[in-house]
Amino acid sequence: MINICILGGGFIGRFYAESLIGRRGKDTVKVVYARREETAKRFAEDYQVDHFTTSIEEAITHPNTDMVLIALPNYVHEDAVMLCVKHKKPVLCTKPLGRTAEEALRMTLACEEAGIFAGYLEDLCYTPKFLKSVKSIESGAIGRVLWAKSRETHPGPHSDWFWDLEKAGGGAILDLGCHCVEIARNFIGKDVLPVEVMCWADTQVKPIDAEDHAIGLVKYENGAIGQFEVSWTFRGGMDLRDEVMGTEGTIWINSFLRTGFEMFSSGLGNDYVAEKAETSAGWLFPVGDEAHELGYPNMFIDMFEAFENGTQPRETFYDGYIVNAIVDAAYKSAKTKLWEPVELPVWRGKKGLKKPSVYKEYDAEHWFIKEELLPNGDKKLIIKHKETGEIVEKRVDKKNQA
Ligand SMILES: NC(=O)c1ccc[n+]([C@@H]2O[C@H](COP(=O)([O-])OP(=O)(O)OC[C@H]3O[C@@H](n4cnc5c(N)ncnc54)[C@H](O)[C@@H]3O)[C@@H](O)[C@H]2O)c1
């Protein structure tokens, strides 16, 4: 059993508490910190937390704090992590780990040097659909991953600090793209080096300094491509979708707006439908168990089991640092309009990978390109001569097919 201290009584702190409490789990929240006393008190009442405080250091050093869970705005992550390092408390931090890779690397190395457990709370890499997809990919079910696209778009975040470039460290790319980048890394292979990034970003709607809409491509050393699509100006709720294309198959995941649950309401009754839903009337797309479908319970199980077993969780601070480095390159590219290298002063994965050849031989002289069954039952074979490069097609009559 682990006694948890949550730093931050806002949106994500409450989601974390919902995921930990009331599921008959053995781990429980014992301490909560919030800046304002009324927030801390309300949180403690809502989730039956024994101790609340407005002192961050008191929360971290409390005798009932076995592990600290950081649910604070981006600009406070580093200070909070460093306090955990100072007091040698195991720590979990929400996404994005840092505002920049520089911040994230400092946090990662400080925890490693102090020998404290550090987990990166990337919930979307723990949804039931995502975990099953990764398992299928690992078993070879879709072959070699060529392209992994992830999209997160919604009508914009719920607190002032997100919209402040200095406090948040970025706009939609950092806030939402950090999820998408890590999702694609998991599909492509976390030990595959991200090489360079091309990104378009713009502020299309909101009166802010940061971008509210962006699309980016991340090139990996093995030839795979990651793609992120993010927006704070999307209308119609929260759209979370992933798409993976492999040499032997395809995966499409829809995690939020279309989960197989559709409902019509004239608008009477409960107003809350799902996170960032914009209406409670008409055809609605509710989400059965939001915390579970967003990955939180699976994420905490992985974190706590890793901590107790002395192993690493699926998502570590190091992963958070790699994500920040890719996001940094995206910001550079959006300015220069060029492919920008991903700067990784520390890289622990593979190096020197090449795009593998997947040429299939048709016969001694030809490469196979494609076979297609036609409506009349004949087959067409498209092949390429190995030496001349000539591409020809062969038709095989229905009656001559083996
Ligand atoms: N899916 C996810 O994993 C997910 C979703 C939402 C937010 N987040 C992340 O969680 C973090 C917090 O976001 P949120 O949505 O809960 O924000 P929020 O504004 O709802 O809550 C933030 C909390 O931190 C407190 N706070 C604000 N400024 C502070 C300061 N300077 N020092 C100490 N405390 C301060 C606030 O009082 C509040 O209790 C962010 O890093 C955000 O990116 C993650």
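In this predicted model, helix 1 buries G13, Y16, A17, S19 and L20. These residues span an arc of only 160° around the axis, which puts them on the same side of helix 1. What lies over them? The cover for the buried residues of helix 1 includes the elements in this table.

| Element | Residues |
|---|---|
| Strand 1 | 3-7 |
| Strand 2 | 28-33 |
| Helix 2 | 37-46 |
| Strand 4 | 67-70 |
| Helix 9 | 290-293 |
| Helix 10 | 296-309 |

Just past the end of helix 1, you will find G22 with a positive phi of about 80°.

The ligand is surrounded by 20 residues, and the closest are G8, G10, F11, I12 and S159.

Four strands make up an open sheet, in the order 16-17-18-19 and with antiparallel pairing. Strand 16 (360-363) and strand 19 (391-396) are at the edges; each has a single partner strand, so one side of each is left without a neighbour in the sheet. From one strand to the next, the twist averages 45°.

How many bridges join strand 16 to strand 17? There are 3, and strand 17 covers residues 366-373. If you want a place to look at this antiparallel pair, D363 stands opposite H366 in strand 17.

Technical notes: Residues are numbered from 1 along each chain as its sequence is written. This is a predicted model: local features need pLDDT of at least 70, side-chain atom pairs count only at pLDDT 80 or more; totals for chains, interfaces and linings use all residues. A residue is near a molecule or strand if its C-beta atom, placed from the backbone, lies within 6 Å of it. Two strands pair if DSSP finds at least two bridges between them. Helices (H or I, at least four residues) and strands (E, at least two) are DSSP runs, numbered from the N terminus. Axes are lines fitted to C-alpha atoms, for helices over the stretch in contact, and angles run from 0 to 180 degrees between N-to-C directions. A residue is buried if 20 or more other C-beta atoms lie within 10 Å of its own, exposed if 12 or fewer, and partly exposed in between; C-beta atoms are placed from the backbone. The arc is that of the directions from the helix axis to the C-beta atoms. Two residues are in contact if their C-beta atoms, placed from the backbone, lie within 7 Å.
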